[in-house]
Amino acid sequence: MSQSKPLTLHVPEPTGRPGCKTDFTYLQLSDAGKVRRPPIDVLPSETADIASSLIRVLDDEGNAVGPWAEEVDSELLRFGMRTMMKTRIFDARMVIAQRQKKMSFYMTSLGEEAIGTAHSLALVDGDMCFPTYRQQSLLFAREAPMVEMICQLLSNEADPLKGRQLPVMYSVRRLGFFTISGNLATQFVQAVGWAMASAIKGDTKIASAWIGDGATAESDFNTALTFAHVYQAPVILNVVNNQWAISSFQGLAGGESVTFAARGVGSGIAALRVDGNDFLAVHAASKWAAERARNNLGPTLIEWVTYRAGPHSTSDDPGKYRPTDDWSYFPLGDPIARLRKHLTLLGLWSDEEHEATTKELEAEIIAAQKEAESSGTLANGRIPSAASMFEDVYKEMPEHLRQQRQQLGV
Amino acid sequence: MKNAVTAPMTMIQALRSAMDVMLERDNNVVVFGQDVGYFGGVFRCTDGLQAKYGRSRVFDAPISEGGIVGTAVGMAAYGLRPVVEIQFADYFYPASDQIVSEAARLRYRSAGEFTASMVIRMPCGGGIYGGQTHSQSPEAMFTHVCGLRTVMPSNPYDAKGLLIASIENDDPVIFLEPKRLYNGPFDGHHDQPVVPWSKHPMGEVPEGYYTVPLDKASVFRPGTELTVITYGTMVFVSEAAAKETGIDCEIIDLRTLWPLDLDTIVASVKKTGRCVVVHEATRTSGFGAELAALVQEHCFYELEAPIERVTGWDTPYPHAQEWAYFPGPDRVGAAFKRAMEA
């Protein structure tokens with residue numbers, strides 16, 4: 001090959017742009033029940049095939065099939081169903097509140113509710129999650145008080161973070177939910193460090209790290225994998241591949257013709273690729289990874305394949321860069337609808353109960369919102385004191401901050 | 001530390017002793033970084049610590065500054081007290097995001113739920129023919145970050161006491177170690193033989209636990225005519241310049257750059273009426289600018305002369321032109337004279 005034609009730069013593009021239909025055949029899918037379940041002490045290199053297929057339990061009819069189908073307590077399933085519904089209804093309600101200018105900003109997790117919910121139910125008290133801004137389902141699964149969450153969103157007088165943080169950047173230590181940072185991927189490494197600390201102290205707790213498909217391009221993603229592998233840290237490295245990073249298709253993050261799970265294998269980390277809209281698959285894979293970590297068998301990377309059904313945030317209009325009806329064609333459907341079908345099949349759920357639960361949750365969320373608003377909103381100016389702005393920069397307030405506070409006259 | 005058992009130590013030995021003391025005292029202290037474990041550090045600062053405390057307390061890390069600092073933040077969130085090393089201050093940049101966006105702000109953004117009690121040790125400074133990436137003084141990169149404490153010792157006694165105090169402190173501390181001072185004081189006279197710390201009174205260091213408070217400057221040399229605000233290697237350069245010019249300088253070794261000991265500075269400048277700020281780092285937006293602004297703000301009516309700054313030039317740190325770049329005693333002394341003549 002001596003002939004040189006002019007080189008061309010390859011810039012990945014999604015198949016679907018506004019006005020046309022996405023060709024989802026790029027997703028490497030497997031049928032439910034088809035992917036094997038390795039022992040938890042599997043060698044990372046022996047998970048290569050799993051990292052390029054898709055673990056699924058629920059088939060199109062709602063049956064749980066294959067080696068990842070486990071006996072799951074029916075109360076856990078019902079709680080999971082309710083938690084996913086709660087997450088979705090809460091999100092919808094908060095978007096309305098944002099539109100009413102009660103809060104400045106919000107980010108929904110529409111379509112991704114199964115991942116945090118089912119994952120959380122596979123962990124135990126004391127484990128620490130290092131979430132992104134789209135894992136609110138972890139909080140709902142841990143029954144975080146909604147009033148407190150809404151107060152954070154409103155930056156009001158009862159905001160546990162004293163108005164310092166943008167809405168949705170929660171911090172709930174007592175529920176194993178690490179303080180959210182606006183800087184992408186930073187938490188992925190920190191989770192590994194937390195897990196290393198647990199190992200250093202001979203503890204039994206594990207860490208759960210979260211990152212989106214787009215943020216895997218940040219250097220901290222690679223760093224986290226290296227450190228997790230080198231020190232065999234007890235951590236679950238979760239990559240939520242919702243196909244989109246704001247307007248950028250996952251191909252632009254490096255997902256074109258390769259899976260994110262494969263990065264794990266390449267780094268010497270056992271990897272699973274899982275249907276993120278399949279509650280049972282999420283729960284089983286999470287339990288597998290947690291057991292592996294807790295038994296000191298090392299880290300696991302899990303790519304959760306899902307779809308960001310909603311706008312990136314309340315500041316985003318997806319109609320400008322992708323088909324408006326894209327979600328309805330996504331082959332893995334809606335996590336709530338799929339678990340509903342399964343539970344109905346088992347006789348654990350009914351249309352009546354679904355209806356009643358929806359109403360009940362709506363009432364609960366409206367009541368929580370009302371209670372939270374009684375402590376003020378950003379809009380009505382009932383916010384934490386300006387004096388508290390100077391606190392917690394350091395453990396003790398240094399002299400220069402004391403003076404600056406005085407200059408402000410507070 | 002009166003009556004304490006002391007031993008002659010270099011700054012390297014003093015720093016190692018501080019880590020040894022704290023590893024012994026507090027099970028939550030862990031030490032890691034590149035080449036820090038088995039090998040004992042490229043500057044020997046952690047020599048023998050892994051053998052003494054085991055690989056789970058003192059260990060080698062991959063070459064990833066972001067990973068070293070990022071995992072340390074996670075460990076601190078768990079409740080450990082990591083003392084991590086960046087091999088050269090010139091290489092902290094890949095960890096900037098973890099330092100600025102995370103370690104410095106963890107307490108603030110979580111309203112105290114999570115904290116980053118950790119120390120990041122970094123050998124800094126020039127005067128060793130280190131060229132562009134083994135000589136930098138990036139302290140202004142840290143003093144500008146709210147939530148960080150920035151510390152720089154100038155001698156073995158302070159190095160140990162300040163490092164122990166930094167490890168015990170509940171805020172994240174950037175601990176800058178002038179590697180030019182590792183083996184002995186250096187006054188900028190590169191053509192003269194270097195005197196080891198064993199021949200200097202500050203090389204006598206207590207063997208056990210003691211601290212030097214983080215928010216206190218020391219008056220390194222009392223004087224009446226001119227206040228010199230400096231830190232690190234420049235303390236000794238300023239001392240030589242004072243001696244050579246015959247000007248009765250009061251040399252203040254800041255020790256902690258930020259949050260700093262403003263009272264000691266202001267009391268001195270009010271007494272002398274003249275002020276020279278000396279640092280190795282480049283001039284524009286360097287830490288000296290903050291010092292000059294503070295002195296101007298607090299001592300305006302007492303000042304008899306413009307505040308002088310003697311600093312590195314606004315260029316990357318060169319190799320061959322080391323001594324034209326490094327602010328030596330001649331350049332510092334000339335500034336002292338200008339300040340006295342004004």
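What volume does the largest cavity have? About 70 Å³, in what is a predicted model, where local features need pLDDT of at least 70, side-chain atom pairs count only at pLDDT 80 or more, and totals for chains, interfaces and linings use all residues. A word on bookkeeping: residues are numbered from 1 along each chain as its sequence is written, chains are lettered from A and ligands numbered from 1 in the order in which they are written, and side-chain values use heavy atoms, with hydrogens and water left out.

1. Cavities. A cavity here is a set of points on a 1 Å grid over the protein atoms alone where a 1.4 Å probe fits but cannot get out, and lining residues have an atom within 4 Å of a point. Points are joined across faces, edges and corners, and the volume is the space filled by probe spheres set on them. The count is five cavities of 30 Å³ or more. Lining the largest cavity are Ala144(A), Pro145(A), Glu148(A), Met149(A), Gln152(A), Pro160(A), Tyr170(A), Ser171(A) and Val172(A). That makes six nonpolar, two polar and one charged, with Ala, Val, Leu, Ile, Met, Phe, Trp, Tyr, Cys and Pro as nonpolar, Asp, Glu, Lys and Arg as charged, and the others, Gly among them, as polar.

2. The second largest cavity. This one holds about 60 Å³ of space. It has 13 lining residues, and the closest to its centre are Ser137(B), Met152(B), Tyr231(B), Gly232(B) and Glu280(B). Strand β13 (residues 275–282) of chain B gives the largest share of the lining, four residues; helices (H or I, at least four residues) and strands (E, at least two) are DSSP runs, numbered from the N terminus.

3. The largest pocket. Its volume is about 660 Å³, a pocket being an open set of points with protein on both sides within 12 Å along at least five of seven lines. Pro398(A), Glu399(A), His400(A), Pro259(B) and Leu260(B) are the closest to its centre, out of 26 lining residues. Two or more lining residues come from each of α13 (399–408) of chain A and α9 (262–272) and α10 (287–299) of chain B, with α13(A) giving the largest share, five. By class, 12 are charged, eight nonpolar and six polar.

4. Salt bridges. Over all chains there are 42 (a side-chain nitrogen of Lys or Arg within 4 Å of a carboxyl oxygen of Asp or Glu). Take Arg149(B) and Asp171(B), which meet at 2.9 Å, N to O. They link strand β6 (residues 149–151) with the loop between α7 (156–168) and β7 (173–178) of chain B, 22 residues apart. Arg149(B) is buried at 9% relative accessibility and Asp171(B) is buried at 2%, where buried means under 20% relative accessible area, exposed over 50% and partly exposed in between (1.4 Å probe, protein chains only).

5. Pairs in chain A. Arg37(A) and Glu70(A) also come within 2.9 Å. Arg37(A) sits in the segment before α1 and Glu70(A) in the loop between α1 and α2 (74–99), so the pair ties together parts 33 residues apart in sequence. Arg37(A) is partly exposed at 29%, and Glu70(A) is partly exposed at 26%. Arg56(A), Asp275(A), Asp278(A) and Arg338(A) are linked in a salt-bridge network.

6. A loop glycine. Gly246(B) is in the loop between α8 (234–245) and β11 (249–253) of chain B. Gly246(B) is exposed, at 59% relative accessible area.
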